[in-house]
Structure formats: C-alpha cells, structure tokens
Amino acid sequence: MARWCFRHRLVVLLVWVGALCGLGLTASAAGTDYANVFSLPNTDSKRAYDLMEKAFPETSGDTDTVVWKVDTGTVRDQDVRSRIEPALEKIAGMDGIGAVTGPYTGERGAAQVSRDGRIAYAQVTFTEPANSVPKELVQDVVDTAQGAERGGLQVELGGQAIQRVQEPPTGLAEVVGLVAAAVVLFLAFGSLFGMLLPIGIAVFGVGTGLFSTQLISHATDVPDLAPLLATLIGLGVGIDYALFIVTRHRRGILRGTDPEEAAVTALNTSGRAVLFAGGTVCIALAGMLVTNLRFLDGVVIGTSLTVVLSVLAATTLLPAFLGFLGPRVLSRRQRRLLAEQGPEPERASGLAARWSGGVQRRPRTVAALAVVAMAVLALPVLSLRLGATDQGNDQASTTTRKAYDLLAEGFGPGFNGPLQVVASGGDTTALVKGIETTSGVAQAVALPPARGVTVIQVVPTTSPQSKETDDLIDTLRDRVIPQAGAQAHVGGVTAVSKDFAAVTGDRLPLFVATIIGLGFLLLLIAFRSLVVPLTAAVMNLFAAAASFGVLVAVFQWGWGLDLLALGKEGPINAFLPVIMLSLLFGLSMDYQVFLVSRMHEEWVHTKDNARAVRVGLAETSRVINSAALIMVCVFLAFVLSGDPSAAMAGVGLAAAVALDAFILRTALVPAAMHLLGRSNWWLPEWLDKRLPHLAVEPAEEQAAEPPAAVGPASVVHGFIRSVDGDAVHGASVTLMTKGGRQLDRVDSLADGSYIVAVPGPGTYLLAATSASYGSRARHVVVGDGPLVYDVELADHEVDAVN
C-alpha cells in the first residue's frame, strides 16, 4: 500500500483534499446539533428531574442572571432604577428573549434584593438552550446590561449563555498548539518540509474527524465537549504518528536508501507500529463505554473517529507527500553531507546513546530515582475529590466570575447552587418545616404546585462545591425526607454533580480493569511476552496516579492557578478521570509500542537483552521525547480555550505525557528491563502455541542457512578495545547466523581478548556490547581457517544490527 500511495501520490492527495472539502461543505450546510445528555439511571437526582420535566415541560430555555451592586445607598434608589429598568426593558424586547424577571416588579421581586439592599439581580430567560442561543443576541444582552454602569454602580452577568461570549476566539488553542509543535519539529528536523509534513497530516486527520463528528451529531447525541477533546487528542496523535514515520524515512535516506524504498520500509516498520498504537488508543477510548454513562458515548465516537482518520492519513497521505518531496525531506546540510560523504553508518550516538549507556550501567539507581519522583508526584491523589466546576472557578477578571461572587456576597454562598426538593406526595408542609430546621439550610421556599408536583427551592449555607453541601444532600435524602413521610427526591445541578461523581467513582475500577486488561492482552500477543505487558500496565498506573496528583495540586489545592490564570480552585470534574485515563492509557501504549517494538526487533536478531534494550532506547528515546514535547505543547495550548474542563484536561494530559515519556519510558522502563534480563521475553510454550500472531514488526527475510556446515569447524578471535586502544574487559561477544540464531557467546578477558567457535565456513553476525562503552554488530566471513577480528567500541555509540 505504501508503494502504491508513493507512486500514485497525486491521486491520493486529490482524494484526501476532496474528502476534506466535501465533508467541510456538508458539515457547514448541516450545522451542528450537539447535545449534552446526562443520563444517570437509578439516581435520586434523575428521578427529581423526571418529575420536574413532567410538571414543568415549558422550562426549556436557558436562564441567565444580571447582577448589580451599588457602593452607596440601595438598589431601590431612583437614580439606580432609572438606569437599570430601561436596560431590562430593552433586553426583554429583544427577539429570542422569553422573559425577564427583575426585583422591581412582581410578588417575588423583593426576594431578588439582598438584605442590606446593595445587591440585586434579574433573571433573563432565553427561548432556546444556551448552546442554541446566537452569540450576537447574548452579546447584545451583555452590552445593554453593562451599558447601565456608572460610577458607584457595578453590573455583571452570569450563566451558560453569557459564558460562551467571553470565551477566547474559536481555534486559538489549536493555532497556538500547532505553532508550538512547528517550532519543536523544526528544531528536531532542521527542515521546513520535514516540519510541515506531520502538521499537514494532523490537519487532514483532525479536519475530516471534526467534520464527520459534526455530521454524526445529527444522528446521535454528541456532547459539545466531544469536538474539543477530539481536536486535543487528534492533533497530538496525528503529529506524533507522522513524526515516527518521517523519522524512520529520513534515517533510511541518510543511510543511502532510495526515497521510495525508504518510504516503504518506514511504513512497513513504524507504520505498522502506528496502526497498532492507533488501535490501542481506540480500544482505550472504547473502554469508556463500560461505565454506561450516555454522556461519554458521543465523546468515544468523536475521539475514536478522529484517531482512526489520523492513522489513515499517516499511512496513506504521508507516503504520497514523501513521494512529492523525495530527498528534500532532509535539511540542506544533510543533503550536502550525504552527497559529499556518502551514507551514514547504522549507529546512534550523542545524548541518546550516552543516556542509554548510563541506564545500562546504573539501572538500580535510575529505577530508584524514577520511582521516588513518581511517588512524590502521586501523593496528592490521596486527596482527590470529584465534583463539577462552575462559574465560581472562572478567572477573576470575567463577568461570570464577578456575578457569581456578587450573588454569593449578597445572598449567601449557597445561592449559586440551590437544591430542588421535588415532592410528588405526602405532607409537603411538614417537609418544608423539616428542611428549614436542618443544619446547613439558609432558606427553603415551596413554589406553587403543578400537576401534583411541588418544588421546594433549598438554598444551602455553603457553596455548591463544598463538602458540607454534599453532606446536606445526604442528610435530606437519608433523614429529613423519610421523617416527613413525603415522596420526594433531591435534584438540581449540585445534586446531579454529586450523583455523577458517585456513579463515576463506583464504575471507575471496572473501567480501569477493562482498559488495562485489553492493553495487556494486545501487548502479550504482539511481543510474545508476559513481562513486557505486565510492565506496561504497572507503568500506566504510575503515570495515571502521578498525573492526577498534579491535577489535584493545581486545580484542587490551587498551586500555580494564579500563575496560569486558570481561575479558582475546586473539585476535579467527575467525568475527567474516565476521559483522561482513556486518553492516557492509549497514549502510554503508543510510547510503549514504539520503544519495545524496536527493542524486540533487536532481540529477535541477537537474543541479547542488554543490547536490545540499549539499542532500542538509544534509537527511539529522542523521537519519543520530541513527540512527547509536541503533545505537551498541544495539550497546554488548550488552557487558552476558555473552557475550564478543556483546560483541566489539557494540563492533566500534558503532565501525564511528560511524566510518561521523560521519566517512565526513557528511564524506568529500560532500567527495569535491564534488571529483569532475558525474562523480559519469557512466554510459556503452551501459551505461545495458543496465542494468535499479531506482528508489530514486519516478517524478517531470513537468510537461507545451510543444513550443515561444509568444511572444518573453526573460530573467530581477537581483541575488544576502546577507541584509545584500552582493553575492554567483560564485553559480551555473540556469534550468530545471518538469520539471528545464536551459535556461541563469551565475555572478553582482562586483556580484551575473546574467542568464539564457528561450525564451519560462511557468513556470520558478530555482535559485541559493553555497559561501559558502546555496541558493535558486523557481518564476518569465515574461510577454512581461524579468523582474526578485532572490535573497536566507541564510547556512547550504538549501532543497530538491521
């Protein structure tokens, strides 16, 4: 397929451009139909909602709030009314406004003025839900209300519709993320075209994914958070997958391979890993379905579809782009050196090789430091409290946050999150009295009944996000309502958030077990090992605990919130653990697959675990760290999205990816694999026979080996020395057939000498590796007599067998 796409590159490009433009035009014509469906079956808040919907079916529009405060006098003063009332009347006359209820009219008007008379509010009810209200109308409401301000009179607005117009421009986070990724790619490749390739692939993958998700929203319930998360994960994996393939392709060209063959090899190696990694991400995302939370179904659809299209773009469109560019995928300097000095040898050197050698020499120290660092970062997770963010968590400069604070100041902290006790039978009067005398209740007012249902508005004395409010909900449900003998349920946004957090917490263990189990099974089949997938599962749990520890410290404890301009501390969004764990486990598997697949490739050739781990880490650590840095930039850019949930997810995922790549995959995993030795690749024979075969690496073209050696047995001998000529003691020297079957293995003596037995004349593979130096692997030709072959090991330099 890679060869066909390379040769028919114009056709492939036209198909992708046509798909992107066609989906874009269709989606633009159809519009969006995102719907936030919170379905919590068998919860008390869901029963309260069902009764409310039955009794008051007309309350479908979004209700926002206009709040004003005077520095002196009261809000009832004529000079204040003369400014506020005309503004409210103008708002009430706007097309799309259902009603405006203020403090100056109606029987309940007096209740909308604070006790000290300095703060009042009016409720503005739109005819449509918040997501459907035109932004132009919302902006007119904001401008009209705030136009009444003067010295000594402050006017602020709060509500879901108001929050939409104060968000940064759409696409700002994506643009910032792409620019940051472009900088990292240019530094990594030193080539403009090499930088543009991964970004172009990500744009095609995310673009087609978002347009498809927009169209699917007309057929099923897709929350408005889905496209944001799809963009978040799509940009990350799209750039990363293309980066892995382009890096392998460039390496092939630098080693003298024709661009077409280099592209085919890159797709046949890194491309296979991309397909496998993309599958693991989709499986991890699909694990959200076991929670049985309908709100997440649309998230799974949007994010999985975007990942699939990103993988498809990386494996079809990318080879076409490589065909257009040819050797220009290299920088000018690299092309000049290739022409002047010829192909580069197959070896890794520099910082990556030095780090790989350092891990091999001191695996216990590296592992201990990595475990301590992850444990310290994970400690805050013990204080994790799930809940929901509200406008009290917005930045202090926003009008929604100011309105929230004014309402809390004038009417108490619980006013921003009233509870609704919905009664369908029993003694309602006794229930109201019981609620009024309950500790933690500031006010309880029964509204006029409708269709046999009575709604009691309960204002707590504490804020919606406080633990005391959660305790009050439990008290009402477990003690107050049963004692009054009423058939009633506690609802409202605060109660829904509490129930959602409880349901999520109950189902989280099953969810984690599902995605860990599926990931374990996939890696078991791919790498034919029990230890590798077990190590990956443990590392994923490490990464999850540490990343949530960072989230708790930042968003729950408030460390650095002011520096990051992320508003006020509060609980962690209840749905975030499920979404974050899905994305984290998927992305962690990506890095595990790319790292271990290269180690496994070397292990198949040499059956030398130390060499396999060292070569795999040396050749992949730089690209893994570059990919992780790109993802961190993309995820952190979503702090600019204006959506608190997206900002929380962005910070959490950025922390998770950074810890996973920089500490786990490049330090703890290789250190642990060095300590475990050959047991890394152990698999019981009976299990190996029963497992299906799923190769991440391409099938090796084994060299034909003669059934028996022709000629007398012989030896290869010589010395292992450093570049300075010093003897290398204890170097591992392995003699193998060209197909990778081990024939003999020895350690060099104190003077650096070695001798390995050869069954007969022929071509063999001789590999030497030392923890203190580098590694070398060369084909040697043995004739009728002994062969003298000296090996020079360069410090911090590793070459690959294949």
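## Exercises on a predicted model

Over residues 179–324 the chain is 86% helix and 0% strand, with the end C-alpha atoms 24 Å apart. The model is predicted, and the exercises below work through parts of it.

**Exercise 1. Which UniProt annotations cover residues 179–324 and residues 1–29, and what is the helix content over residues 1–29?**

Step 1. An unreviewed UniProt entry gives the annotation "domain: SSD" for residues 179–324.
Step 2. For residues 1–29, the UniProt feature is "signal peptide", also from an unreviewed entry.
Step 3. Over residues 1–29 the chain is 93% helix and 0% strand. The end C-alpha atoms of this stretch are 34 Å apart.

**Exercise 2. Into which domains is the protein chain divided, and how many residues of domain 2 are in contact with domain 3?**

Step 1. Domain 1 is made of two segments, 1–31 and 190–346. Domain 2 is 62–166. Domain 3 again has two segments, 372–399 and 493–693, and domain 4 is 715–793.
Step 2. Between the C-alpha centres of domain 2 and domain 3 there are 45 Å.
Step 3. Contact between these two domains involves 9 residues of domain 2 and 5 residues of domain 3.

**Exercise 3. Trace the pairing of strand 1 (residues 63–70) and find which strands pair with strand 3.**

Step 1. Ile97 is bridged to Phe126 of strand 3.
Step 2. For burial, strand 3 (residues 119–126) has 6 of its 8 residues buried. Strand 4 (residues 153–158) has 5 of its 6 residues buried.

**Exercise 4. Where is Arg250 found, and is Arg250 buried or exposed?**

Step 1. Arg250 is part of helix 9 (residues 225–254).
Step 2. Arg250 has 6% relative accessibility. The cut-off for buried is under 20%, so Arg250 counts as buried.
Step 3. Leaving aside residues up to four places away in sequence, Arg250 touches Phe189, Ser191, Val329, Leu330, Ser331 and Gln334.

**Exercise 5. Over which aromatic rings do Arg9 and Arg328 lie, and which residues do ring pairs link into a cluster?**

Step 1. Arg9 lies over the face of Phe324, at 6.0 Å from the ring centre.
Step 2. Arg328 lies over the face of Phe193, where the distance to the ring centre is 5.7 Å.
Step 3. The structure holds 9 aromatic pairs. Trp16, Phe204 and Phe321 are linked by ring pairs into a cluster.

**Exercise 6. In which loops do Arg451 and Arg528 lie, and is each buried or exposed?**

Step 1. Arg451 is in the loop between strand 8 (441–446) and strand 9 (454–460). Its phi is positive, about 55 degrees, although Arg451 is not a glycine.
Step 2. Arg451 counts as exposed because its relative accessibility is 58%, and the cut-off for exposed is over 50%.
Step 3. Arg528 is in the loop between helix 18 (493–527) and helix 19 (531–556). Phi of Arg528 is also positive, near 50 degrees.
Step 4. With a relative accessible area of 15%, Arg528 is buried.

Notes
Residues numbered from 1 in each chain as written. Predicted model: local features only at pLDDT ≥ 70, side-chain atom pairs only at ≥ 80, totals over all residues. Heavy atoms only, no water. Buried < 20%, exposed > 50% of the residue type's maximum accessible area, 1.4 Å probe, protein only. Helix = DSSP H or I, 4+ residues; strand = E, 2+ residues; numbered from the N terminus. Pairing = 2+ DSSP bridges. UniProt positions renumbered as here; feature names shortened; annotations may be inferred. Phe/Tyr/Trp six-rings, centres within 6.5 Å; stacked < 30°, edge-to-face > 60°. Lys NZ or Arg CZ within 6 Å of the ring centre and 35° of its normal. Domains from an automatic or database assignment. Contact = heavy atoms within 4.5 Å.
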